[in-house]
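Subject: Structure for you to look at

Hello,

I am passing on a structure that you have not worked with before. Please open it alongside this email.

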Amino acid sequence: PRKPPRLSAEDVADLVSRTRARTETYEEAVNDPVAAALAAGPGSSGVREAMRENVMGAGQSKRIWAELYKVVDSSDVVIQVIDARDPMGTRSPQLEAHIKRNARHKHLLLLLNKCDLVPAWVTKRWLHALSREYPTLAFHASMGHPFGKGALLSLLRQLSRLRSDKKYISVGFVGYPNVGKSSVINTLRTKKVCKTAPIPGETKVWQYITLMKRIFLIDCPGVVHSGSGDADTQLVLKGVIRVENLTDATEHIDQVLQRIKPEYLRRAYKLKQWTDTEDFLTQLARQGGRLLRGGEPDLNTAAKMVLYDWQRGKIPFFATPPGHTDDVPTLAPLPADDPSQQVGSGPEPTQKDLEAGAAITEAAAVAAEKQRRRAIPVQGDFFMPADAVGDDDQEEEGIDLPTVRSGDEGASGSGSEGDGSGEASEGADDDGEGDSDGEGASGSSGDEDDAGEPGEPDSGGESDGYGDEGLSWEAVMASVHAPASAEADAAEERRTAAEVAAEEARAARRAAAAEKAAVEAAKLAPAKGVPRKGLRQKAGKLRLKSGKRKR
């Protein structure tokens with residue numbers, strides 16, 4: 001027999017009674033909100049939350065989290081990439097708790113990316129604070145002038161040697177959207193193997209990349225936990241949401257004006273003074289010619305322009321780091337019913353896992369301390385003098401910090417931090433993986449911790465053999481480069497003579513070709529008194545005769 005349908009009411013009278021009951025409940029809620037709140041339950045405030053836009057759920061879908069879990073399960077080392085401008089805001093406590101409880105046999109590292117967008121003393125203090133929780137390294141992703149590349153490669157090589165029982169190791173890069181995970185992988189490979197863009201959500205699926213014969217990298221899409229408790233404006237300012245998808249961008253500018261110093265805004269947008277957010281956007285829209293019909297300023301477009309500059313690092317901003325104390329920066333507390341808080345049934349770490357973890361932690365601490373003692377690249381003329389130098393005891397005076405002119409253009413030291421005893425099985429993959437982060441003297445290896453600071457004079461007591469006054473640096477460099485300069489001048493003269501001879505030969509060939517063309521044109525020119533039609537007929541007969549001869 002056919003299954004009967006399920007109806008909300010048996011008859012018309014029952015339907016009328018149910019409708020009257022719902023109407024009375026609604027009227028009571030409208031007239032007495034407190035009673036409605038008590039009826040709803042002890043945890044309800046009686047105020048319904050406004051519906052969030054769909055765009056605010058970026059990075060929270062089940063598909064994205066499935067990609068993350070695949071990366072975590074396939075990785076031996078998980079590197080969480082965080083933004084140096086807001087390290088605590090771009091960390092994922094849910095992910096860290098999940099690895100602690102369900103994947104204790106895996107190694108977790110923190111990578112402080114985009115360190116060129118904050119002052120050097122800020123990066124050093126964050127390194128000092130975050131290294132107390134997890135092994136932490138500073139990094140500047142750049143194809144030409146990276147920072148921290150040698151330190152990270154050295155850690156990965158050391159881990160591959162410690163885990164010789166495995167055929168290869170996999171390193172997964174996870175974190176919030178738009179923190180630079182794909183850029184870090186491209187920097188390690190010195191090749192664009194992952195698609196990158198200055199917008200969040202460019203990476204859609206996980207991707208395997210071969211770094212060496214025994215080391216593989218895994219790129220992961222950016223993920224955001226739905227229970228993070230971030231407001232819409234916080235998600236936008238963290239770079240999670242694409243600006244072009246915002247319906248009303250003006251509501252997020254208040255936080256931007258509160259976080260950025262007015263001096264930086266005046267310098268960036270050439271504005272003198274403003275009273276409030278609307279006045280700021282109005283002046284910015286009129287200055288850029290962004291007007292609507294009737295001459296009204298387009299505030300939404302002006303707000304999107306400011307948010308674009310914020311997300312792409314064109315406006316100076318950084319979160320204030322904790323002082324040099326023993327206090328560990330705290331993350332947002334997790335709810336007790338969060339899945340990551342529940343004890344999982346993951347495999348227990350083996351003895352080799354514990355030994356490798358201890359060795360990696362010690363090596364990362366040494367590398368972080370080494371970075372704190374070195375010069376960290378920052379963008380030139382990006383911060384005011386009051387922000388560029390902090391009251392840090394470790395900020396040494398008299399040492400010029402390397403500067404980065406723009407996103408991928410940096411000036412860094414000539415140091416190379418490599419592995420002095422590389423494995424023979426890695427072959428040519430290890431060659432050329434140097435580091436331009438200025439963490440050592442030119443031509444020195446990463447194992448030489450006592451290398452002098454860049455630009456720091458030698459303080460040794462031995463004589464240099466040139467007397468008390470010594471020999472000037474300019475004279476030494478001139479004497480070193482003099483033979484090379486003479487040889488270069490001779491080579492330049494030979495190259496110039498060869499180029500002149502080649503140009504003369506090309507000119508002679510062009511003249512001969514022009515003369516030959518003139519002779520052919522004179523032969524084909526019609527004779528005086530001969531019509532052009534007869535000339536064409538004569539030419540056709542000649543072609544027919546030549547074709548018969550060939551056959």
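Below are notes on one helix and on some aromatic rings.

Please keep in mind that this is a predicted model.

Helix H3

Helix H3 covers residues 62-74, which makes 13 residues. From its first C-alpha to its last it reaches 18 Å, close to the 18 Å expected at 1.5 Å a residue. Six names make up its buried set: Ile 64, Trp 65, Glu 67, Leu 68, Val 71 and Val 72. Seen down the axis of H3, these buried residues fall within an arc of 150 degrees, so they line one face of the helix. They pack against helix H4 (93-102), strand S4 (169-175) and strand S6 (215-219). On the face turned away from the buried side, H3 carries the exposed residues Lys 62 and Asp 73.

Aromatic rings

The structure holds 11 aromatic pairs. One of them joins Tyr 269 and Phe 280: the ring centres are 6.1 Å apart and the planes stand at 80 degrees, so the pair is edge-to-face. Tyr 269 lies in helix H10 (residues 262-269) and Phe 280 in helix H11 (residues 277-288), so the pair ties together parts that are 11 residues apart in sequence. Tyr 269 is buried, with a relative accessible area of 6%, and Phe 280 is buried at 0%.

Phe 280 also pairs with Trp 274; their centres are 5.0 Å apart and their planes at 65 degrees, so this pair is edge-to-face. Trp 274 is buried too, as is Phe 280.

Elsewhere, Trp 121, Tyr 264, Phe 318, Phe 382 and Phe 383 form one aromatic cluster.

Regards

Notes:
Residues numbered from 1 in each chain as written. Predicted model: local features only at pLDDT ≥ 70, side-chain atom pairs only at ≥ 80, totals over all residues. Heavy atoms only, no water. Helix = DSSP H or I, 4+ residues; strand = E, 2+ residues; numbered from the N terminus. Expected span 1.5 Å × (residues − 1). Buried < 20%, exposed > 50% of the residue type's maximum accessible area, 1.4 Å probe, protein only. Arc of directions from axis to C-beta. Contact = heavy atoms within 4.5 Å. Phe/Tyr/Trp six-rings, centres within 6.5 Å; stacked < 30°, edge-to-face > 60°.
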